[in-house]
Amino acid sequence: MANTNAADDGASQQRNVEYILLAEFDIDRGAILKHQYPRPTGADDSHLAELMLPDGAHARESDWTMFFLNQKTPDESGKVAEDGPPLLYVLNLVRTKHDKEVRRGAIVKAMAVCTRHRFIHIYQAILMLALENYYRAPTVDTLAELYKSANQMDLSCMPQLSRHETTILRFSDDQNMFEERFLQLEKEKRLSFATARRGTAAESGRSRGPSARNKDRRFFDTEIVYSGVKLPIRVPMTVYPEEIGDFSLIQLLTTFSGALAPPSGSKTTHPHLESSGQYTHPIILLMNGLLTQKRIIFLGHNKPAGEVSNYVLAAVALGSGGGGVLRGFANRAFPYTNLTNLDTLLSFPGYIAGVTNPAFEEHPEWWDLLCNINTGKVTVSPALAMPPGAGGQGKPQTDSLRRSLDSVSLSRNRSFSSREGKPDKWNNSDTEFVQDLMLAIERHYGEVAIRAKVENYVRHFMSLVPLYEYERNGSSQLGDPAHLAASDKTGSSSVIRGIDIAHMVYCLRNSTNLDVNEVEAIYKRLDEQVVTDEQVTELLASLPQSQGGLQPLAYGFYHPSPAIRLYTVRLFQKIEGNQAGSRYVRSTNFFHQCAFSNLRYAFPC
């Protein structure tokens, strides 16, 4: 999609919605873009109109689609320019109203909002009201009213959480986590409002009102007033960078969790995709395609375009590790597209696109993987070429990487039986990962828990990639695996340098064969490196409350070594001084709290 031509100024940074679009179907001219408010987006009008009026829209009373503006085409090396206008997310509602007095007996119109907010689903209610109003009053004033109402939504009291704070809140058992941040912003707003009106302390005291306590702080509650109607809005506070809209990863996993296709003797095996040969599970096939930047199509023939879009958004979250590990998937995602946008689509290496036109299935040269939503099957394109250097060495490469992955099992305490007739060599961590996901879904785990499992899997995978590259090639683009924790080449937002927090926590939580010196070294390094409030917050992000919170660290209270008990007490004192950490400490087991209370006086820290 072409870039917008509007310059980014200071005021635009504060807008909730950048553009309002209106398209309709004309019996003589086809799909046309009739209005762009408050100014043109700079994208091609005909492409916008085609995306806003999806295939088969006339056959449904309403449908939702989503697409993005300002997507940047990667260069020959695969890099994407960081400058230019920001990525805009477009939520579109198309509605068909039957009228016997018009030609073809129906009127089809679509309205869309363009925003920088990844939580774009919050605009669904106001979009439905605005499109209904446009049917009654088809003028640009209707778009202007929508634009004004959406941008008057007050987000000034919504705190800006860091990446680690978002993780803490996302997996917190305490719905009041970071409540102090909310209350402080609300207090500042009340004082500012009172000062602007009267400038007296007395007025400030009278206008204070009741404190908004005991709310679920995983959401920010606000409202949009449109045409005299107050629409309550709940903005999610725990959205990861690659999570867009209100999709269901569980739906994606269950759709493509069916039985494996029967092996074909003439079928070419692609080791970079089919990492377990002909027995590769469709979910792993899709995951490998996402991680190796293959061109992926989600085809939903006769399906609503909104449903197809949700599969694409879920695939973005899957490949990025629950939305929080890898970046760049959203820039090459096309939640809904069609044949008119084919040239743009093919210009993106590794695109992820949703379509409803079965013509895409008949052109395997356009895609590498085709995920058929109707059948639940994942097909590798017969036109897909082997990667350079994989000719005779594909299997050794795959086996080497499989050995590396299997050395870090995702479920050390579980063993899964292999499928009937399936070689034991393929009963690896990939199999465990998929079966763990399916078991969690059967037990009705929620979206957050399922995404957490995907996040852990991708994190483990990415920690092994430099090891594999270093073992095979003698070097890695990510750097020396022995020094990755001390560097910033992985692009992480870590504020703790020199140690791998996640690995240390993993050892304390899962390892049973650590000797005293190793345990003491872990606690000592944590005590030395975790000093500032930001570093404590990062440590807490590696200890989600949904996985026991401070439990792995609290075991140090009962260790025979006085040094380990001392380091544990010092760590807990630093954690207790942190805003979120104080809630962590209060939520620990009663016996841990007693041990901490007793030892803090035994060891003068």
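Local features were considered at pLDDT of at least 70 and side-chain atom pairs only at pLDDT 80 or more, whereas totals for chains, interfaces and linings use all residues of the predicted model. Residues are numbered from 1 along each chain as its sequence is written, and side-chain values use heavy atoms, with hydrogens and water left out.

Helix H20 comprises the 13 residues 590–602; helices (H or I, at least four residues) and strands (E, at least two) are DSSP runs numbered from the N terminus. At 1.5 Å a residue, H20 should span 18 Å, and the distance of 19 Å between its end C-alpha atoms agrees with this; the expected span is 1.5 Å times one less than the number of residues. Within H20, His-592, Ala-595, Phe-596 and Leu-599 are buried, where buried denotes under 20% relative accessible area, exposed over 50%, and partly exposed the range in between (1.4 Å probe, protein chains only). Because these residues cover an arc of only 100° around the axis, they lie on the same side of H20; the arc is taken over the directions from the helix axis to the C-beta atoms. Phe-590, Asn-598 and Tyr-601 are exposed on the other side of H20. The cover over the buried residues of H20 includes helices H17 (551–554), H18 (562–576) and H19 (579–586), with contact defined as heavy atoms within 4.5 Å. At the N-terminal end, H20 is capped by Asn-589, a side-chain oxygen of which lies 2.7 Å from the backbone nitrogen of Phe-591.

The axes of H18 and helix H16 (residues 533–541) come within 9 Å and cross at roughly 105°. This angle makes H16 roughly perpendicular to H18, a class that extends from 65 to 115 degrees; angles under 35 count as roughly parallel, over 145 as roughly antiparallel and the rest as oblique. Axes are lines fitted to C-alpha atoms, for helices over the stretch in contact, with angles from 0 to 180 degrees between N-to-C directions. Val-536, Leu-539 and Leu-540 of H16 meet Leu-571, Lys-574 and Ile-575 of H18.

Asn-578, in the loop between H18 and H19, is buried, with a relative accessible area of 3%. Apart from neighbours within four places in sequence, Asn-578 contacts Asp-533, Val-536, Thr-537 and Leu-540.

Cys-371 belongs to strand S11 (residues 369–372) and is buried, with a relative accessible area of 0%. Beyond residues up to four places away in sequence, Cys-371 touches Phe-256, Leu-286, Ile-296, Ile-297, Phe-298, Leu-299, Lys-377 and Val-378.

Notes:
Polar contact = N/O pair within 3.5 Å; in protein donor to acceptor, adjacent residues only side chain to side chain.
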